[in-house]
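Here is a short briefing on how two protein chains meet. Keep the structure open as you read.

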Amino acid sequence: MAPHICQLCNTSRAQILRPKNHARICAPCFIDIFEREIAETITSTNLFQPGERIAIGASGGKDSTVLASVLKTLNDRHAWGLDLVLLSIDEGITGYRDHSLDAVKRNSVEYDLPLKIVSYEELYGWSMDQVVAQIGKKGNCTYCGVFRRQALDRGAAMLGVGHVVTGHNADDVAETVLMNLLRGDLPRLGRATSILTSTPSATMSKTDSEAKGGEVTITNVKRSKPLMYAYEKEIVMYAHYKKLDYFSTECIYSPEAFRGSARTLIKNLERIRPESILDVVRSGIDMAKLVPNAEGQPKGAVEAVVRNEVEDEAEGGCGGSNAKEVVSEMAQMEQKLRQDERAEEAGTETEIKLPSKVLDGQRPDRDVNPDLLPVAALTTHIQGQTHGRQAQTDGQQLPSDIRTVTIRTKQEKKSSRKATRDAPPPKQKLGQCERCGYLSSQAVCKACMLLEGLNKARPRTGIEVG
Amino acid sequence: MTEAKAASIPLAVEFTGGLELLFSNQRKHKIAIPSKKPDGEPSNVGDLISWLCDNLIKDPRKEMFVLDDSVRPGILVLINDADWELEGEDKYELQPNDEIVFVSTLHGG
């Protein structure tokens, strides 16, 4: 077959076929355009502030290695003045994490970036190997995800960093979108498809890490995914052509994970129609816009949510959980939708009741303009996440004394971000976890709850008789 | 001096991204496969893949490399440092001393 010529430089032999647009380009042109597209993603979303201190979540794998390499390159090239550090989490998985950490150490030397390693063992007293020995291989990914979420935040706090970046790529986001679709968990979509999320986090003063009465400063730890629109295939090609050193083995516990099924679907889809991956990501972003948030309006891109970020990582990770919770929420939502449709057809306006008090530490409703258009549907009360409405207690007819709220069907990311900033801060019961002092809207944070379960079941050394 | 075409084609294959585990933990291999198929047609990359499964793979987990007669989705193939999709995928006819690289993308990042 006659060799193709690069479509960009028209000189060299084409070496890569880009999945997103079938372009045929040579390796140097590919490296150039890949880096430029990431830079474009970063600048167009105002992801970073000049001089910002950024922790790169580094696992030693292909995505985080490429992320570190690209960020360093772009930072130097465009003089963004970012202060980059590598942050690595040691889950204590033998045969997997111990080898990949060696790769991170090599990256640290090669890119001349400081490295901080935080381990589950030191944070929680449990390594993942021990957790799996205790609870088996189903649901262990949930533990790993919840723990990692906290570990990253704590590591960031230890480094004095307010922004963590991770190497999530387009395939990861597409898988997450599919996973949430398959599990009927639409509200999570908003967070999964946002390039930047922000959650309040507690930093403890160093002297009081054990005492409960320690000083806690609440800061916002930002999380972002600069590689969100980059195909996994291109990340691998980038690493290949730039000869980057990374570690590549599957987590030994991952074959049982639900994400594997979503991944198989995505990979098979990519074979037939590679553009589908980015299309799924975009669909996810559009769907997320339709899911109502606390103000009764469709979610924009940036949302501050406290409790569910923890579960988020668990879901965003490998394992699956909360299925029952989600099914009942969907059932409620479906019922609502049916009722609303009937009301629409009958020509009666659909109105939604707004609760007058705060439930379970959730946000109270904001001011609602009664002059706005009636709602078409999309109302539900989801546990742990507030949508500003109360679920119908018995699923019957909607009461007639309720006010209307608006749904903005089109919403710009920027304007929603602005709205959340300008609006009065939500009254959220932000407290501290009783056990560890970590920020939580519950009395005990999720990580401590999981740990409690683990510790209770931990086999004792002696046997009690009588 | 032989006039007949060589009966086998020398190739350099490389496995990365975790695939080396299936091939005795060795990334690079120098091999030679028959230059023609049993039906007389020149050997192509598809034949190479079958040959690898029959002769080089040392791990019983073949499904990590192949699926239904072709490489598993998620494994990239580079022929002489170029995407095999540009060369005709598994229909590409092998030339002596070609370099074929198999890169797996199926692992954590």
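The points below cover the interface, the salt bridges and a surface patch.

This is a predicted model. Chain A and chain B bury about 2,300 Å² between them. A search over all chains finds 30 salt bridges in the whole structure.

**The interface in outline**
- Chain A brings 28 residues to the contact, and chain B brings 24 residues.
- Carbon and sulfur atoms give 55% of the area buried between chain A and chain B.
- On the side of chain A, the residues that lose the most area to chain B are Lys233(A), Ser248(A) and Arg271(A). Together they make up 21% of what that side buries.

- Side chains of opposite charge can pair when their charged atoms come close.
- Between chain A and chain B, the count is 3 salt bridges.
- In a salt bridge, the side chain of Lys233(A) meets that of Glu85(B), at 3.2 Å from N to O.
- Lys233(A) is also one of the residues of chain A that lose the most area to chain B.
- Across the interface there are 10 residue pairs in polar contact, with both residues at pLDDT 80 or more.

- H9(A) gives the largest share, with 6 residues.
- Sorted by class, the side of chain A that touches chain B holds 9 nonpolar, 9 polar and 10 charged residues.

**A salt bridge within chain A**
- Which residue forms a salt bridge with Glu91(A)? The partner is Arg148(A), and the closest N and O atoms are 2.6 Å apart.
- This pair links distant parts of the chain, 57 residues apart.
- Glu91(A) sits in the loop between strand E4 (83-90) and helix H3 (97-111) of chain A. Arg148(A) belongs to helix H6 (residues 140-159) of chain A.

**A nonpolar patch on the surface**
- Three leucines, Leu181(A), Leu182(A) and Leu265(A), form a nonpolar patch on the surface.
- Together they have about 280 Å² of accessible area.
- Leu182(A) is part of helix H7 (residues 170-182) of chain A.

How values were computed. Residues are numbered from 1 along each chain as its sequence is written. Chains are lettered from A and ligands numbered from 1 in the order in which they are written. This is a predicted model: local features need pLDDT of at least 70, side-chain atom pairs count only at pLDDT 80 or more; totals for chains, interfaces and linings use all residues. Side-chain values use heavy atoms; hydrogens and water are left out. Patches are made of residues with over 30% relative accessible area and no salt bridge: like charges are joined within 9 Å, nonpolar side chains (Val, Leu, Ile, Met, Phe, Trp, Tyr) within 5 Å. Accessible areas come from the Shrake-Rupley method with a 1.4 Å probe; for residues, only the protein chains shown count as cover. A salt bridge is a side-chain nitrogen of Lys or Arg within 4 Å of a carboxyl oxygen of Asp or Glu. Helices (H or I, at least four residues) and strands (E, at least two) are DSSP runs, numbered from the N terminus. Contact means heavy atoms within 4.5 Å. Buried area is the accessible area (1.4 Å probe) that two parts lose on being put together, summed over both. A polar contact is a pair of N or O atoms within 3.5 Å; within protein, one must be able to donate a hydrogen and the other to accept it, and residues adjacent in sequence count only if both atoms are side-chain atoms. Ala, Val, Leu, Ile, Met, Phe, Trp, Tyr, Cys and Pro count as nonpolar, Asp, Glu, Lys and Arg as charged, and the others, Gly among them, as polar.
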